[in-house]
Structures are given as structure tokens and as C-alpha cells.
Amino acid sequence: MNKYKIYGQVFQAQSPEEAWQQYAAQNSPGLLGGLAQQFNQGATLGGADELQAGAEKLMGRDYSASLERQRREREAFQSKYPWLSAGATAAGAIAPVAMATVGGSIGGPAGAVGAGTTAGGRALQLTLNALYGGGNAIRNVNTVKDAVREGTRYGFTPGAVTGALSAEPENRTQGAVFGAATGTGVGGTFGGGSQALVSGGARLAPYAQKVVQFLGLADTAPVSRMAATTGVMPTAPLSSAELKILQSLEASGVTPEVAAMQLARARETGVPLGLVDVGGQGVQRLARGVRAVGGEGANVIDTALTSRATQQPNRVINFLEKALGQRSSVNTGGVSDSLLMRARGSSNPFYKQLEALPPVNSQEALKIFDLPFVKDIMQRAQRTADSMAPGSMAPLYNNDGLLLRAPTFRDVDFVKQQIDEMLAPVYQQGPRPADAVDIGTRQARDLAKAVRDRLVSAADAAPGGDIYAQARANYAGPAQARDMYQQGLDFPRKDTMLQDVRATIADNTPASNDWYRRGVVDSLRGEIMGMVDITSRPNVLRSFYGSPAAREKLDAAVPAQSRDMLNEQLVMENQAAQTSNFVRGGSPSVDKAADAAEALDVAADMAGAATQGAKATAVAAISKVYNALRSSVNEKTRAEIANQLTNFDNPEAQQAFLQRLIEQRRVGELTAQDVAATARTMSVQQELE
């Protein structure tokens with residue numbers, strides 16, 4: 001007796017063969033381990049032992065010894081469980097087919113029992129063709145009997161190959177014969193079973209569909225017709241609503257990626273756009289179709305669009321405030337009065353000191369008060385004072401028009417105010433008169449301005465003139481701001497031209513322009529809030545942004561650094577309003593019913609109504625369309641479509657939904673490539689046959 005050491009175990013034997021037999025008897029794998037070993041051999045067509053031996057060699061073990069050990073273990077298991085061993089090997093050989101069946105079942109529509117079994121059976125047959133058919137398709141398979149015949153024919157070759165590779169080198173022929181017999185039996189059983197699935201599924205499908213529709217589950221959890229067959233499966237199948245939205249996007253030529261970018265930009269600008277706004281006309285027609293059918297989906301769309309339109313005025317006002325750099329106010333008269341009170345309040349302390357100042361006795365001042373123009377101003381004021389309150393004003397001239405006393409600073413200021421009022425219309429009209437002025441009138445105004453300037457200069461040069469100058473300065477700042485604010489309030493008027501706005505901005509200080517822009521903001525707020533909104537098509541931009549001229553004028557008033565953003569925001573707001581008008585426009589009619597049918601892919605016979613124009617036919621067509629819509633696209637699906645298209649207030653949810661469509665679309669493209677490749681392959685096979 002000799003001692004032999006195999007994998008750390010010592011055996012007393014007369015030969016190595018006897019030692020291996022002892023090893024196999026003691027180390028025979030258990031039931032599960034033996035089945036796994038046989039299954040792997042079948043799945044790899046007899047190559048599993050070589051793969052494992054190669055792996056063990058990488059860990060420093062002997063390759064030939066590993067092959068011998070695995071062979072002995074399999075033989076021991078085969079002798080103990082002959083039928084289980086053969087079945088496990090055969091099951092491994094058809095494992096890829098079984099996996100394809102599982103994939104087909106997963107890809108089948110949830111709830112559609114008959115369709116799922118049919119698809120699974122066909123997938124089983126097609127995969128069997130691809131793996132074991134040698135390039136030849138199964139032909140003339142219409143019954144279970146046909147499938148058994150073809151299955152036995154195609155099971156012969158893989159069975160023979162597996163049996164030969166799994167047998168001892170000296171027993172390859174016997175192994176091939178045994179494998180061929182096993183493959184023929186398994187193939188026949190497998191082929192018949194797959195055809196039974198197909199035939200049974202075809203018979204079961206109509207009844208299963210009726211049950212599903214009765215339960216209202218027709219599209220509550222459906223799977224996309226674009227479900228992958230490549231092995232790259234989505235995390236969850238597309239619902240009917242998601243599929244319908246994706247189809248509508250494709251009909252518009254808009255990809256989910258482009259829609260996602262547009263919505264991201266809208267979020268940055270602060271405009272609440274939704275997929276219904278950026279998805280193109282196909283998506284808008286889908287929304288219009290959902291609304292036309294009524295129910296929860298229509299309510300969702302109406303509520304979302306109405307809410308967004310109601311908030312549009314405040315959004316647009318906020319955009320204008322940021323662009324112009326000024327907060328708007330409701331009470332424009334209050335702002336103007338406040339500036340006037342500020343002017344008076346800051347200047348009054350100085351004006352009160354004028355009473356105590358000495359008269360203005362300069363020769364220049366006396367000459368000015370001796371002018372007929374100035375005399376007329378003062379004498380009219382004297383007559384008015386005497387008629388209302390005799391003695392309230394000390395006379396400055398006698399009956400002959402000669403000065404009775406030297407003029408005071410109060411007299412100087414009264415003349416100045418009167419001339420200012422005469423010249424005020426020129427200032428209020430802006431940098432250029434709105435209407436033509438004749439030469440005589442223009443000359444008189446120029447002369448009056450010259451008189452005022454000479455009088456003020458003479459008063460400033462007299463003793464106490466510094467106090468009078470300070471009083472005027474304190475009044476002039478708020479008064480000028482008030483004038484600029486008033487000009488801004490005139491901004492929307494038609495007679496305020498583009499060149500007027502440009503000249504105002506160019507000719508004034510930054511502080512004055514701030515008051516001008518505040519007037520512009522307040523005037524535009526008034527236009528927006530005064531817009532009629534008791535209508536199905538409100539769009540506040542029409543009140544100030546509805547023409548190229550109006551847009552150019554607004555650009556001139558807005559600082560350059562804010563123009564692009566404001567215009568982008570207003571364009572998006574107009575886009576939102578146009579969407580609302582399209583989706584909610586009109587009332588239920590034959591055309592609207594046709595829109596709904598087309599949007600929701602419902603086959604309705606509208607040709608009669610379109611060609612005949614008969615009222616009865618039109619009413620029947622509308623009824624048919626609406627009934628078809630309600631039965632084919634259930635209310636839950638329509639509500640989901642409405643929610644996804646008009647989810648204006650949740651940008652994160654918008655992006656998550658579009659990302660899902662992007663992923664599903666990629667899966668669909670992979671599937672389309674698979675289908676095309678399969679079609680080409682089958683076409684070539686048929687030509688070769």
C-alpha cells in the first residue's frame with residue numbers, strides 16, 4: 001500500500017486512481033453544490049471546469065489537478081443522482097433562454113396577463129433561435145405539436161455538444177450520444193411549453209383586458225411600449241401619462257434636454273414657466289385636449305393657468321422695479337406732495353428771515369422793477385390784494401407808476417415766482433416742446449427768463465442775498481426732483497416720444513434720473529393694475545409692451561446693464577400668456593373635440609363632420625370623441641398629464657420629471673436599435689433560406 005496526498009488529505013491506496021476514488025467518495029459535493037456544478041457545466045457547454053481550474057492556477061494551484069478533482073466530484077454526484085445531474089446540465093444549457101423569458105415577462109404590460117404570456121413565449125422562441133438555431137429561424141410553428149417537433153430538432157445539437165464536452169476524453173462519443181438524447185427531450189418539452197404560452201396567451205388576452213378595464217386599471221401602471229430588451233432596464237416603466245408627454249414633445253421636435261434647459265433658465269429669471277410652455281405646440285395641444293375632456297385634469301389646468309395669470313401683474317411690476325432700480329408706489333399724488341412739502345420745509349427757515357433783511361437798493365434791481373413787464377406783475381398783484389384784503393400789501397408804485405419805496409426780498413421773490421409759473425409749461429413738456437410754438441411766443445418766454453435771471457443776480461449781490469440764495473437752493477432740490485418725477489409719470493403717454501426719453505436721461509444728473517425712473521415705474525404700475533382682467537385672455541404686457549415703439553421707449557429708460565434681463569423676463573411672460581390663450585381659448589366645438597382626439601391619440605371618425613357640416617353629424621362626432629377619450633385615457637392619467645404640464649411652482653419636480661423622461665428616452669433609443677438590428681437579422685435569414 002502506498003500513501004497519496006490529495007489536497008491536504010492522505011489516502012492509503014495501491015494506485016493513484018484508487019486514491020482519487022477514495023477522495024471522490026469522501027468529498028462528493030452535496031445536493032445543492034452538485035446541482036450547481038452540473039448547471040454551470042451545461043450553461044458553459046462543458047467549459048466551467050476549465051474556467052475554475054484557470055482561476056485556481058492564478059492562486060498557485062495545479063491546473064491539471066483541479067480539472068481532475070472537479071471531474072471526480074461530478075462523476076460521484078452523477079452516480080449518486082443520475083437524473084438530477086442530467087436535468088441540471090440540460091437546464092444550464094437553456095439558461096439564456098430562460099433569462100430571456102424572464103426579461104420578456106418583465107417588459108410586458110403590467111396587468112395585461114395574456115399579452116405578457118404571449119410576449120414571454122415569443123421571446124423564448126426567438127432566443128432559442130438565436131442561441132441554438134444555427135442562424136435558421138423556426139418555421140411552420142403554429143401548434144404545440146409543431147413546436148415539439150422543432151424543439152427536438154434544435155435540442156439535438158446543443159445536447160450532443162454538452163454531453164461530449166462533459167464526458168471523459170475516452171468516452172466523448174458516449175457522452176455525445178447521451179447528451180443528444182437529453183437535449184432532444186428537453187428541447188421538445190421546452191419548445192412545446194413556449195408555444196403553449198403563446199397560444200394560451202392569445203386566447204387569454206381579450207378576457208384579461210376586459211377584466212383590467214372593468215377594474216379601472218387600464219393605464220394606472222402601464223409599461224412603456226419602449227421598454228428595453230437590451231438588458232439595460234429603466235428603474236421603473238413609463239406610465240401612460242409620461243409616454244403621452246414624451247410623444248407630444250417628439251411631435252413638437254423638442255427634446256426633454258432642451259425643455260429642461262429652458263425651464264432652468266426660466267427659474268433663474270423668476271418666470272414660472274412649465275412644460276406646457278416650452279414643449280412646443282404638440283404639448284400645448286395635449287394640454288388643450290385634456291382640458292376639453294373635462295374632469296380633474298381640466299380643473300388642474302384651469303386652476304394652474306388662472307393662478308399664474310392672476311400673479312402676473314405683481315411679477316411684472318417686480319421685474320420693472322429691479323430693472324429701473326426704483327420701488328413703485330400706489331399713491332403717485334402722495335409722492336409729489338411729499339416732495340413739495342420737503343421743498344417748503346427745508347426752505348421755510350430761510351424764507352422767514354427775508355422779512356428782516358434790508359431792501360434791495362442796487363441800481364440794477366431798481367432798473368428791473370422799473371420795466372413795464374415787472375410793473376404789470378406787481379400792479380396786478382396789488383389790485384388783487386386790495387380787492388380781497390385792503391391794506392394787506394404795501395403799495396410799491398404810485399398812480400403814475402413811479403416807485404414809492406425800494407423793493408424788498410419778498411417783492412423780488414414774488415416776481416420770480418410769477419415768471420417761473422409763466423415758464424413752467426416749457427419745463428413740463430420736457431427737452432423739446434410737444435407742440436409747435438410761434439416765434440413771438442418763444443421770444444417772449446426768452447425775454448421773461450432773462451428778466452428773472454437778472455433780478456435774481458441783483459438780489460444775490462445785495463446785502464442779505466446769501467440768505468435768499470440758500471432759501472432758493474433748499475427749495476430747488478426737492479422741487480426739481482418733483483419735476484423729474486412728474487415727467488416720469490408722463491412716460492406712457494403717446495406724445496412722450498423715444499427721443500424725449502433719451503434726451504431726459506442724457507441731460508440730467510444721476511439723482512434726477514432716479515426720480516425720473518421712479519415716475520416711470522409708478523406710471524407703468526398704474527397701466528398694469530388698470531388692465532382689464534375680467535377676460536379669459538389677460539396679458540398685462542399689452543398695456544405697455546405691445547408694440548416695437550413701446551419696447552424701444554422702455555429700453556431707453558432702463559439702465560443698460562438691466563435691459564437684457566428685463567426683456568428676457570417679459571418675453572417669457574408673454575410666452576406664458578400665449579400658452580394660456582391657446583390652451584383655454586375658445587369653447588367646446590367640433591374643432592376642439594378634434595384637437596382633443598388628436599392630442600390623446602384617440603381614433604374618432606371626424607371626417608363626416610368635416611365634410612358634411614351637418615349639425616347632427618357634428619354633435620355625434622363630439623359625443624363619440626369625448627366618450628372615446630374617457631374610456632381610453634382614464635381620468636387618473638389625464639390628471640397626471642395636467643399636473644406634469646402645469647407644475648409651475650415646483651422647479652425641482654419639473655427637472656426630476658424631465659430627467660426621468662431623458663433616461664427613458666435613452667432606453668427607448670437603445671430598444672429601437674435592438675429592434676432594428678433584430679429586424680435586419682431576421683430579414684437576412686429569410687433571404688438565405
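Modeller: In this predicted model, a network of salt bridges links K416, D420, K449, R452 and D453. The structure holds 20 salt bridges.

Biologist: Why is the contact between R660 and E242 called a salt bridge?

Modeller: The closest N and O atoms of R660 and E242 are 2.7 Å apart. The cut-off is 4 Å, so the pair counts as a salt bridge. R660 lies in helix α29 and E242 in helix α10, so the pair ties together parts that are 418 residues apart in sequence.

Biologist: What makes E242 buried?

Modeller: Its relative accessible area is 8%, and buried means under 20%.

Biologist: Why does E364 count as partly exposed?

Modeller: E364 has 32% relative accessibility. Partly exposed is the range between buried, under 20%, and exposed, over 50%, so that label applies. R454, at 38%, also counts as partly exposed. The side chains of E364 and R454 meet in a salt bridge, at 3.0 Å from N to O.

Biologist: Why is the aromatic pair of Y485 and W515 called edge-to-face?

Modeller: The angle between the planes is 90°, and over 60 degrees counts as edge-to-face. The centres are 6.4 Å apart, and the limit for a pair is 6.5 Å. Both Y485 and W515 are buried.

Biologist: What makes the pair of F544 and Y545 tilted?

Modeller: The planes of F544 and Y545 are at 50°. Stacked needs under 30 degrees and edge-to-face over 60, so the pair is tilted.

Biologist: How do you know that R551 sits over the ring of Y545?

Modeller: The charged end of R551 is 5.6 Å from the ring centre. The distance limit is 6 Å, with a further condition on the angle to the ring normal.

Definitions and conventions: Residues numbered from 1 in each chain as written. Predicted model: local features only at pLDDT ≥ 70, side-chain atom pairs only at ≥ 80, totals over all residues. Heavy atoms only, no water. Phe/Tyr/Trp six-rings, centres within 6.5 Å; stacked < 30°, edge-to-face > 60°. Buried < 20%, exposed > 50% of the residue type's maximum accessible area, 1.4 Å probe, protein only. Lys NZ or Arg CZ within 6 Å of the ring centre and 35° of its normal. Helix = DSSP H or I, 4+ residues; strand = E, 2+ residues; numbered from the N terminus.
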